[in-house]
2 protein chains.
Amino acid sequence: MGKDGKKLKKLKKKARKLKAQLAELEARVTGPKGPLVAPLAQPLPDLPAIDGVRFATAQAGVKYKGRTDVMLAEIAPGASVAGVFTRSSTRSAAVLDCQEKLKARTGSGGWAILVNSGNANAFTGAAGGLSVDAIAQATGQALGLPAARVLTASTGVIGQPLPHDRIVAALDGLAGGLDPDGMAGAAKAIMTTDTFPKGCVRTVEIDGLPVTIVGIAKGSGMIAPDMATMLAYIFTDAKISETALRTMVKDLTKSTFNAITVDSDTSTSDSLIVAATNRSDHARITSARSTEGRDFKAALADVMHELALQIVMDGEGATKLVEVHVTGAANALDARRVASAIANSPLVKTAIAGEDPNWGRVVMAVGKSGARADRDKLRIAFGDIVVAENGQLAESYTEEAGASYMTRDRILLHVDLGLGEAEDRMWTCDMTYRYIEINADYRS
Amino acid sequence: MGKDGKKLKKLKKKARKLKAQLAELEARVTGPKGPLVAPLAQPLPDLPAIDGVRFATAQAGVKYKGRTDVMLAEIAPGASVAGVFTRSSTRSAAVLDCQEKLKARTGSGGWAILVNSGNANAFTGAAGGLSVDAIAQATGQALGLPAARVLTASTGVIGQPLPHDRIVAALDGLAGGLDPDGMAGAAKAIMTTDTFPKGCVRTVEIDGLPVTIVGIAKGSGMIAPDMATMLAYIFTDAKISETALRTMVKDLTKSTFNAITVDSDTSTSDSLIVAATNRSDHARITSARSTEGRDFKAALADVMHELALQIVMDGEGATKLVEVHVTGAANALDARRVASAIANSPLVKTAIAGEDPNWGRVVMAVGKSGARADRDKLRIAFGDIVVAENGQLAESYTEEAGASYMTRDRILLHVDLGLGEAEDRMWTCDMTYRYIEINADYRS
């Protein structure tokens, strides 16, 4: 070993040097943190204007240089607005402020949404709340709205005081630049470590009239010491009561934004706001149970689902989009528990990264979920390939077929518990070296 | 970019070649899966004999070649025995069998423990149960015990039928080779992908008489398609009623084996068995509340704690042992929830791997835990270094001090919630490239 050991040491030194050269070159060619765009990146579709909503963006220099970092959305009077926020007990000052304002709904007229990227204004003590107030006041003044009608969000580094004066200074320019066609710019301004802007459009016919739903989102990119924040803003010209909209959004969140996971960690700032301007001429929707309500809800579900998937596809280090479909559960809670245990399991996610149809780890995740399960009734399939059934390896299964399926970039993992009728779906991504690289940011 | 791109391509090719050379050399020097021994490895202490227990090991060739893979422990009549097992709903046939036997406690005389490594006999359908029966029958016959007194465990690959005939064939040899001094051999025979054998000894004086407690364990090594299994066997000559022993073991499990986590995933086969031979001459312990009971329980706690830590220190890819200490929680459940959310968070664990005192991720984990928490009362310290308090970065904190502390290989992460008196501790390790490497086993 003496000779080999010496040779190894020498080679290791050489490799270290090469690696450093490589990293430097890579940084010049592709940006400092690897490929600028995720392998699963989606192109941003054309985002049409929604009657009653205008957007503006600015380079306020909160943290980033040479890019937009503030976006303002102005929603005309008469809109219906619904919001869903993180349930974290350490949620940010902006989230707490939004929740209060949407509960109270004082004042009248329109609404404004003001988002900055680069600084999350989270865990910034009493100063955090003061920053939110200062921004809301200034936004209200610039648009002629009460501060109670200004919803804010901040995303980026945490624990550093937000230089809100830079945002306040940008507000007159923002108000002057409001433009119905500015939504693509807004999608870019809210990005932090996202590798692509996220957007989605659907049109649906209600009463024979076209209704448009357009959404933008930012996702789960984090580089130390940042935290992931999921922000999503959806606008539509649909005519719908605030009560019906709130009920639909709350209901759909469970199967969309709350059904995705990148690494089981939850941000302090996650926010979703849906605004309907009521500008379309169709009969007003007052319930999800009417035909119109059903049609609108289906289209809204589609937009929320698509935005949620885009967030997963931009998950840190993600190379595969994984749908976990659980059927045959004893009840809905159990179905979610099993889906969540699988979608959050590092062992399942690393196996998928390695293109390994490792059903044993799926069995393990089912077992630890706390849901009712019977080992001998489990059926596990990757896509159409049944891997295990009746408590053992399926007779039809070949390792070749399994391995071949796992090379795809969209994986469907289906688990049937064989106990009842309940089912659920969750979406996640694989867990790769890049995830560690991005999040460990090794100091050595 | 053209020139840089070419240079990069060339360099990459060179690096690939170097990497391959390196891997080959490393395999020769240290084994195919990286260093043969974890950086946090502990030497196996001398394991003294316990009056009333004998051990034997064999090379049955269940899967491994050239190493022992079966261990037999024979416990003399009159012992008190307690067992704790995984709560997974997909637990293995051996676990179900042990649970039934320890509940029924039919038959009389001694007990036997038979463990094989290399094959977990999990998810093997009806055949799995038949294998357990065959092994228990044969072990009973070899030792003159009813099968109802034979506890088995299997650890290794899952989903493959256990070739139990190989174990059965080894039983006469095992019975003939039983030796009170064989515990170190037993610790080695139960290893799967563990990088070091795990053992611990404590002596305690009860009634002026020395009592010895010796334990062995195997831990959380998994290489696809294996699953982690934690097995621990503890023997003592203490004189203690079965009821008292069972109560103590159950109670201590919560703060030891159930307070460790490598990656939040739970095995289907986790088993802990504690046997007291009652051979010591001190007054019989019948409760944990007596002086003798307290003393014995403290020593047992020590052994269980130490074995649990050794398992974490052999966690896949682990380079740091992390103690998460939560104080000031509103109640015990909340304290555990917060400790568990932190210890299981991939973002916290990757930050520690990167030697980054990333308190923002700790705040995040507190927030998602579901426990009562007040952002503005949180206090977070790494070792003695207070990083955050009163909802913001501590004034005394310097990045230099934080970064310096994080280079240690034992990290104490202390979170005070500032709400109540409840506290809890959990132990985990960092999450490194090696974790992904071991578990993804990239097919490419």
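I count two strands as paired if DSSP finds at least two bridges between them. Helices (H or I, at least four residues) and strands (E, at least two) are DSSP runs, numbered from the N terminus.

This is a predicted model, in which local features need pLDDT of at least 70 and side-chain atom pairs pLDDT 80 or more, while totals for chains, interfaces and linings use all residues. Side-chain values use heavy atoms, without hydrogens and water; residues are numbered from 1 along each chain as its sequence is written, and chains are lettered from A and ligands numbered from 1 in the order written.

I started with strand E12 (residues 379-382) of chain A, which four bridges join to the antiparallel strand E15 (residues 410-416) of chain A. Phe382(A) stands opposite Leu413(A) in E15(A). I then noted helix H10 (residues 359-368) of chain A, which packs on the sheet and touches E12, strand E13 (385-389), E14 and E15 of chain A (contact: heavy atoms within 4.5 Å). The direction of H10(A) makes about 130° with that of E12(A); axes are lines fitted to C-alpha atoms, for helices over the stretch in contact, and angles run from 0 to 180 degrees between N-to-C directions.

I traced the strand order as E9-E16-E11-E15-E12-E13-E14 (chain A), an open sheet of seven strands with mixed pairing. Strand E9 (260-261) and strand E14 (392-393) of chain A each have a single partner strand, so one side of each has no neighbour in the sheet.

E8(A) pairs with E7(A) in the antiparallel sense over six bridges, and with strand E10 (residues 271-276) of chain A in the parallel sense over six bridges.

Which residue does UniProt list for "active site"? The unreviewed entry lists Thr229(A); such annotations may be inferred rather than shown by experiment. Thr229(A) is buried, with a relative accessible area of 2%.

Methods. Buried < 20%, exposed > 50% of the residue type's maximum accessible area, 1.4 Å probe, protein only.
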